[in-house]
Amino acid sequence: MKKFFKINKTIKPFKKVIKVEGDKSLSIRWVLLASLSQKKSIAYNLLKSEDVLSALDCIKKLGSKVKFIKNRCEVKGTGFKYKIKKNLILNAGNSGTLGRLILGLLINQNKKIKLIGDKSLSKRDFSRVINPLKKFGAKFESKKNKLPLVIKGLESPKSINYIENRGSAQVKSSVIFAALKTNGTSTIKAKPSRSHSELLLKYLKVPIKVKRINNYDLIKVKGINKIQNLNYKIPGDISSCAFFIVLTVLSKNSELLIKNININPSRTGIIEILKKMGASIKMMNKKNYKGEKIADIRVKSSKNLKAINCPTNLNSSAIDEFLVIFLVAAKAKGISVFKNLSELNHKESPRLIWGSKILKLMGIKNEITNSSIKIYGNSTISVKKNIIIKNYLKDHRIFMMCTIAALTFGGRWEISDVNSVKTSFPSFLKILKNIDYNFNKFSRK
Ligand code: S3P
C-alpha cells in the first residue's frame, strides 16, 4: 500500500532563521576523493541522505574504512588502487552523480565490476560517460547503455582529449576523475557546469588548470598517483535551500534567513532568475572556504512578480531548481518562457514533463515541447481542487515541489512516497514544522 502525504492548508506568515543540510554534490565528491587518499579524511556536516550513504557503501566495498562520530565522518581510503573483490557489485541507488563519477574512478581497475541502481537510475542514460571512458581504454557491457552495466578498466589508462557539450558536471567530473589516473595530460573542453570537482582538486594541489574561452571551460588535468587527504566542512545545499526560497517568495508577509549556503556561481542560477522576476533575495556575510564561496541568504515575500524569458546561459546553474522556478512563473504576471531544457527530462524523473503535468493539475496553463516550457502566469491564482500525485519514480524534487505548491497555492493534495525526500534532504519536513508549528496538524501520512 502506498502512503500518501496530505496537505490541505496554506502556510501562515512566518519570520524564521533556518539551516539546511550539507550540499549533495560536495558530499558525494568528498566521499569519492577521500577514498583515494591513504590518510584519514574528515568531513563535518556531510549530508546523511540516501545518495551519500550509497556513496559511502560503494567506497567501503572498494576497501575504504568509514566511521561516523555525531556530525563528523571519517574515511580512511585505499589510495589510487582500490581493493577489488571478485564479482564486485556497486549499488549507486538513486544517484546519477555517484553512478557516473565512480565509473571515472574505476578506470584503472582491470577486473570486471558491476554497477547497479534503483528503478529511476536504471532508466537513465549512461552512454554520456561510457563513450568518453571508452576513449581512456575501459570496456563496458550493458543493454542500451543503461544500468546494470559492467566496467573493466585497465592498468594504464591513456590520457584523452574530450569535448563535453551538454553542460553536464557529472560527465565532466567523471572524465576529470578518470584523467587523474592516467600517465599523461588530458584536455577537456566543457560547456560550463558546476565546478566543485575542479575547485576541490585545485585545493588538493592536483595539477589541474581551467580557463574560460568562448563560453567553454578548457580544463587540463595531469595524471597523478596519489592525493592528499581532504578535511572539509560541507556548507548548506542551495538546491535544498531553493524550496524554502520559493516558499517564502510565494507566501504572504514572510521572511527567511537561511544560514551558511554554498554560493558557488555555477549553482546560483535560481537567485539570478528569481531576482529578475522581482523577488527580494540577498546574499549576506559572504566568505571564501577552501576555494568555494559561502553566504547567508535572506529572502522576503514578493508581491509583484513578473514573467521571465529565461536566459539559457543560466540553465546549468539552476538545473535542479527549475521545478520550483516554474511555481514562481505560475504566480508571475505575464508569460514566462524557459528554453533548451531537454536535460530536465534526463533527471531522476522526466522533470520537464512532470513540471508541466503538475502545473496543469493545478489549473495553470502551460505548453511544452521536448526542450521548452511556456507558462501563463496568474498573480491572483489559488488552487481549490483535489490533486493526487503518484508514480513519479519517487523523484525527491517532485515531492518537495508539490509540498511547496500545496503550501502556497492551496488545494487538497495527496502526494505519494514521502520517503523520497531521504534521497537528498531528509530534514525537509522537520524544517517545515519548525517554520509553521501547525504543519503536522494539516499534513499526515
Ligand atoms: C550534479 C550535476 C547535475 C545535477 C545533479 C548533481 C553533480 O547533473 O542535476 O543533481 O553533482 O555533478 P548533470 O551534470 O548531469 O546536469
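Predicted model: local features only at pLDDT ≥ 70, side-chain atom pairs only at ≥ 80, totals over all residues.

The protein is split by the domain assignment into domain 1 (3-22 + 235-444) and domain 2 (24-223). The ligand has a shell that takes at least three residues from each of these domains.

**The two domains**
- Where the two touch, domain 1 puts in 24 residues and domain 2 puts in 25 residues.
- On the domain 1 side of that contact, you'll find three nonpolar, 11 polar and 10 charged residues.

**Around the ligand**
- Among the residues around the ligand are Ser-25, Thr-97, Ser-193, Arg-194, Ile-319, Asp-320 and Glu-343.
- Ser-168, Ala-169, Gln-170 and Ser-173 are also around the ligand.
- Helix α5 (residues 169-180) is the top contributor to this shell, giving three residues.
- Sorted by class, the shell has six polar, three charged and two nonpolar residues.

**Helix α9**
- Helix α9 (residues 322-330) is largely enclosed by the rest of the structure, because nine of its nine residues are buried.
- Its buried residues include Phe-322, Leu-323, Val-324, Ile-325 and Phe-326.
- Leu-327, Val-328, Ala-329 and Ala-330 of α9 are buried too.
- What do the buried residues of α9 pack against? They pack against the helices α7 (238-250), α8 (269-276), α10 (351-361) and α11 (396-409), plus the strands β18 (334-338) and β20 (373-377).

Notes: Residues numbered from 1 in each chain as written. Buried ≥ 20, exposed ≤ 12 C-beta atoms within 10 Å, placed from the backbone. Helix = DSSP H or I, 4+ residues; strand = E, 2+ residues; numbered from the N terminus. Contact = placed C-beta atoms within 7 Å. Near = placed C-beta within 6 Å. Nonpolar A, V, L, I, M, F, W, Y, C, P; charged D, E, K, R; others polar. Domains from an automatic or database assignment.
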